[in-house]
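Visitor: I would like a close look at a single part of this model, with the terms spelled out as they come up.

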Amino acid sequence: MNLYLNSRHDITLQCYQSVAWDGVRVELSPKARAALEDLRRHYERLIARPADQGIYGISVGQGEMAVSAMTGEEVERLARMKPLAAAVPFGPSYPRRILRGMVLSRLANLIGGHGGATPRLVDEIIAMLNEGRIPAVPQSGHGGPGEILATYALFAELSQSRDLVAGERGALINGAPCAAALLADAALVAERRITLAEHVLALAIDAFNAPDEHYRRELGELWGGEHNRVAFDRLAALLAHDQPIPQRAHQAPVSFRSVPAMLGQAHWALAEAWKMAGFALSAATHNPVWLPPTPQHPDGEAFSNGGYNNALAAPLMDNLAGACVELCLLCERLSTGLLNGRVSDLPDFLLVGRDAGNTDGHGAIGYIPMAIVGYLEEARTAAQRTFTPPSDMSVYGQDNVAATAFLAWPKQDIAGRCLDACLALLAVTASQALHVQGRAARSAPLADILATTRAHVPPVVNDRVLGPEIGRLCDTFRAGLYPAE
């Protein structure tokens with residue numbers, strides 16, 4: 001089954017998931033192809049005008065050379081120049097799903113003619129997707145203006161296999177397709193991670209016997225805001241029960257009552273990232289951007305802009321990283337509350353104490369909060385605010401700033417993976433708390449997460465080395481968040 005693209009607006013987050021994650025094939029619709037051929041004819045007429053039109057990278061030079069019109073020979077030489085020189089970063093590549101997403105997002109500049117691409121070039125970029133011919137792009141070393149250090153690497157191989165014509169070099173390397181792909185990937189993973197967090201946090205609430213009143217749907221309406229309502233609605237559904245279960249006679253600690261608020265924050269960060277990813281994937285961010293013909297401009301217009309710098313992607317990914325840190329903290333507080341008998345009213349042998357022959361009152365379960373603190377601090381270190389760094393381009397005489405999405409994506413990924421570990425540790429603690437009470441989880445979704453947890457980490461009755469077991473549980477959790485590579 002092929003996914004047909006009629007316009008750049010078809011490149012949605014759902015489209016991104018289908019193509020970048022699931023490997024669905026892409027095809028340009030006949031209508032879009034006919035429109036692109038017509039737009040390219042107008043574009044060629046525009047750039048054939050005298051050099052005093054000053055179209056950046058077409059009739060005038062690039063960088064500090066933009067102040068001077070080029071001769072016809074120089075125009076031809078620039079058009080044929082291969083995008084190779086800036087492919088200087090090295091190191092581990094982005095995952096294949098993100099590379100596919102970058103190529104897909106590249107098409108947004110081209111389908112509507114805004115990047116001046118030829119139909120032939122669009123066909124070859126689509127072939128890269130459908131045939132899996134996508135080069136590696138290093139994750140590190142992207143301190144240049146815009147995204148050229150990544151797009152050079154992404155399209156160097158394609159450019160070497162063909163002779164470029166006017167406009168095609170810029171169509172390959174310009175714009176902000178990488179930021180769009182990185183933000184889209186972060187949003188898709190975060191959606192699944194927040195769902196996992198809801199289930200594990202609800203399991204801990206269940207194991208603690210926290211009063212239902214803390215999670216009543218009415219509170220979401222009273223607090224206001226769509227994200228609070230979503231948090232309460234989803235928690236209430238997870239904690240629903242038909243049979244009577246133990247309930248504390250008094251309110252639970254602050255950390256247990258704060259779960260809806262922190263999940264509301266996570267839903268807010270997700271919603272903002274999801275919305276902007278949708279905009280960014282279909283955005284025309286080329287420089288210079290070409291606008292189709294109008295009665296006043298029969299061959300369209302081309303003008304320079306800064307669309308190649310997506311300044312919103314990084315702070316939105318920072319928000320996702322920050323939400324992960326807050327949820328890591330909840331995991332530590334909830335696990336500590338469960339393990340402290342004076343707080344939880346649960347038996348002391350939750351810690352694998354005297355009945356297991358352990359006279360110090362501790363055990364493998366009792367050390368879980370310490371491990372969570374370690375992952376929490378790793379997440380906190382990763383989730384530092386991303387600021388725009390300077391870009392050292394003095395050799396070309398330009399005053400530039402670097403793109404920030406490349407810096408923000410690995411930080412939210414690290415913070416998210418730390419949260420996965422904290423959730424696995426909390427799930428084991430909640431499983432043990434239910435075990436010592438001799439009762440099941442209160443709802444089918446929580447029974448499922450409990451079964452998954454115990455499949456990897458059975459209840460502890462004697463001390464044993466838990467790290468490898470919890471690691472396998474974390475891997476299972478994580479397998480549900482990322483597509484298979």
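Visitor: How do the axes of helix H9 and helix H14 cross, and within what distance do they come?

Guide: This is a predicted model, in which local features need pLDDT of at least 70 and side-chain atom pairs count only at pLDDT 80 or more, while totals for chains, interfaces and linings use all residues. Residues are numbered from 1 along each chain as its sequence is written, and side-chain values use heavy atoms, with hydrogens and water left out.

The axes of H9 (residues 177-208) and H14 (residues 313-339) come within 10 Å and cross at roughly 15°. Helices here are DSSP runs of H or I with at least four residues, strands are runs of E with at least two, and both are numbered from the N terminus. Axes are lines fitted to C-alpha atoms, for helices over the stretch in contact, and angles run from 0 to 180 degrees between N-to-C directions. The crossing is left-handed, meaning that the near helix is turned anticlockwise from the far one by less than a right angle.

Contact means heavy atoms within 4.5 Å. On the H9 side, the residues that meet H14 include Ala-179, Leu-182, Ala-186, Arg-193, Leu-201 and Phe-208. Among their partners in H14 are Ala-313, Met-317, Cys-324, Leu-330 and Gly-337. By class, the contact of H9 with H14 has 20 nonpolar, one polar and one charged residues. Nonpolar covers Ala, Val, Leu, Ile, Met, Phe, Trp, Tyr, Cys and Pro; charged covers Asp, Glu, Lys and Arg; the others, Gly among them, are polar.

Two further residues bear on H9. Asn-209, in the loop between H9 and helix H10 (217-223), has a positive phi of about 65° although it is not a glycine. Asn-209 is buried because its relative accessible area is 8%, where buried means under 20%, exposed over 50% and partly exposed in between (1.4 Å probe, protein chains only). Ser-105, from helix H4 (residues 96-106), is also buried, at 4% relative accessibility. Leaving aside residues up to four places away in sequence, Ser-105 touches Pro-177, Ala-180, Ala-280 and Leu-281.

As for the setting, the protein has 19 helices and six strands, and buried residues make up 52% of its 485 residues.
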